[in-house]
Amino acid sequence: MTDQNPTADQPDGAEAMVGSEELEPTTAEAAEEQLADEQEAVASQAPRADDFEALAAERLGDLQRLQAEYVNYKRRVDRDRELVQQNATFKVLSALLPVLDALDRAREHGELEGGFKAIADSLENIVAGQGLVKFGKPGDEFDPRYHEAVMHSHSAEVTTTTCQHIVHAGYQIGDRGVRPATVTVVDPEPAGDGAAQQAPEGAGEPPDQQ
């Protein structure tokens, strides 16, 4: 009796099918593991919401600093431009002060008449329109910040140092002084001058009766 191998009668195709059925689960698991690893790698490389917020905050800070620098730069430019303009105006108007002084002297002597007066008025209006302000009148209280005294006298008619005569008017542009007013001043009489000397205490009293 001849022994028969049970597997010998099976065709080659059946053996291949059995082998593939045994390998398929292992291959599927490996593919799933590989896919999971790739997804994890992608997830680890993708930016998180916190990263976006930090980046947005950083960019906002840069924008705010840039805006602040621009505002400061614009302020400096405007300030420098205004200063240049003020200095130019100051220089031109300062050069006209002798002319204005001559007009004041002519006015005091009654020499501003006719066309000459019209020209003088026009010039004074022009310099006033450029911001030049004239100050200093007889009777003003003396202020060393705005007045320069060239002569002093005394009078019982005043109670404080007062401008008596304006030699040259003072001028200023805004808060910036161009020239102080040159004046003569009158001071109050010193205490005791022109008054009777007070008698010593007790003088003129009758002696004590014994």
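The largest pocket of this predicted model is lined by Asp-101, Asp-104, Arg-105, Arg-107, Glu-108, His-109, Lys-134, Gly-136, Ile-166, Val-167, His-168 and Ala-169. A pocket here is an open set of points on a 1 Å grid over the protein atoms alone, where a 1.4 Å probe fits, with protein on both sides within 12 Å along at least five of seven lines; lining residues have an atom within 4 Å of a point. Rolling a probe the size of a water molecule over the atoms shows where empty space is left. About 250 Å³ of space lies in the largest pocket, the volume being the space filled by probe spheres set on the points, which are joined across faces, edges and corners. By class, the lining has 6 charged, 3 polar and 3 nonpolar residues. Charged means Asp, Glu, Lys and Arg; nonpolar means Ala, Val, Leu, Ile, Met, Phe, Trp, Tyr, Cys and Pro; the others, Gly among them, are polar.

Helix H3 gives the most to this lining, with 5 residues, and both H3 and strand E3 (162-168) supply at least two. Helices (H or I, at least four residues) and strands (E, at least two) are DSSP runs, numbered from the N terminus. The 12 residues of H3 (residues 97-108) should span 16 Å at 1.5 Å a residue, and the end C-alpha atoms are 17 Å apart, which agrees; the expected span is 1.5 Å times one less than the number of residues. Buried in H3 are Leu-97, Leu-100, Asp-101, Leu-103, Asp-104 and Ala-106, where buried means under 20% relative accessible area, exposed over 50%, and partly exposed in between (1.4 Å probe, protein chains only). After H3 comes Gly-110, with a positive phi near 70°.

Gln-130 sits in the loop between helix H4 (114-129) and strand E1 (132-135). With a relative accessible area of 47%, Gln-130 is partly exposed. Leaving aside residues up to four places away in sequence, Gln-130 touches Thr-89 and Leu-93, a contact being heavy atoms within 4.5 Å.

Along the sequence, the chain reads α-α-α-α-β-β-β-β-β-β, with 4 helices and 6 strands. The mean pLDDT (the predictor's confidence in each residue, from 0 to 100) is 79, and 74% of residues reach 70 or more. Over residues 195-210 the pLDDT is below 50, and this stretch has 1 contact in the model beyond near neighbours in sequence.

Residues are numbered from 1 along each chain as its sequence is written, and side-chain values use heavy atoms, with hydrogens and water left out. Local features need pLDDT of at least 70 and side-chain atom pairs count only at pLDDT 80 or more, while totals for chains, interfaces and linings use all residues.
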